[in-house]
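User: I would like to go through this model with you. Could we settle the terms before the details?

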Amino acid sequence: MKGKPMVDFAKPQWVSIKKINPAPYNPRKPLHPDSTAGRQLRASVEEFGVAQLPVWNKQTGNLVAGHQRLSILMAQGVTKVLVSVVDL
């Protein structure tokens with residue numbers, strides 16, 4: 001493969017939540033932080049941290065994966081998120 005790799009998961013990057021757009025094609029329904037699933041995910045994040053980083057496309061600004069994790073982090077008042085960056 002020539003040139004720069006399209007995906008570089010080895011170097012996570014901190015990104016302002018303001019730069020992250022939920023992908024319009026995301027098939028999952030938004031997670032409400034006070035729902036049962038929201039409370040369970042929040043408890044998991046509080047106990048273990050974010051075990052799998054959200055994936056963010058720096059060309060489009062869209063979130064590729066991790067919409068529900070991001071919603072929990074936003075509800076906690078987080079302003080920057082450690083993400084794996086793709087350049088697609």
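Analyst: Buried means under 20% relative accessible area, exposed over 50%, and partly exposed in between, with a 1.4 Å probe and protein chains only. Helices (H or I, at least four residues) and strands (E, at least two) are DSSP runs, numbered from the N terminus. This is a predicted model, in which local features need pLDDT of at least 70 and side-chain atom pairs count only at pLDDT 80 or more, while totals for chains, interfaces and linings use all residues. Residues are numbered from 1 along each chain as its sequence is written, and side-chain values use heavy atoms, leaving out hydrogens and water.

User: How many residues of β5 are buried?

Analyst: Five of the seven residues in β5 are buried, so the strand is mostly covered.

User: And Val83, buried or exposed?

Analyst: Val83, which lies in strand β5 (residues 80-86), is buried, its relative accessible area being 0%.

User: What does Val83 touch?

Analyst: Leaving aside residues up to four places away in sequence, Val83 touches Pro12, Gln13, Val15, Ile20, Leu53, Pro54 and Trp56. Contact here means heavy atoms within 4.5 Å.

User: Which strand pairs with β5, in what sense?

Analyst: Strand β3 (residues 55-57) pairs with β5 in the parallel sense, over three bridges; pairing requires at least two DSSP bridges between the strands. Asn57 has Val86 of β5 as its bridge partner.

User: Changing topic: what do the buried residues of α2 pack against?

Analyst: They pack against β2 (21-22), α1 (36-48), β4 (62-65) and β5. Helix α2 (residues 67-75) is largely enclosed by the rest of the structure, because seven of its nine residues are buried.
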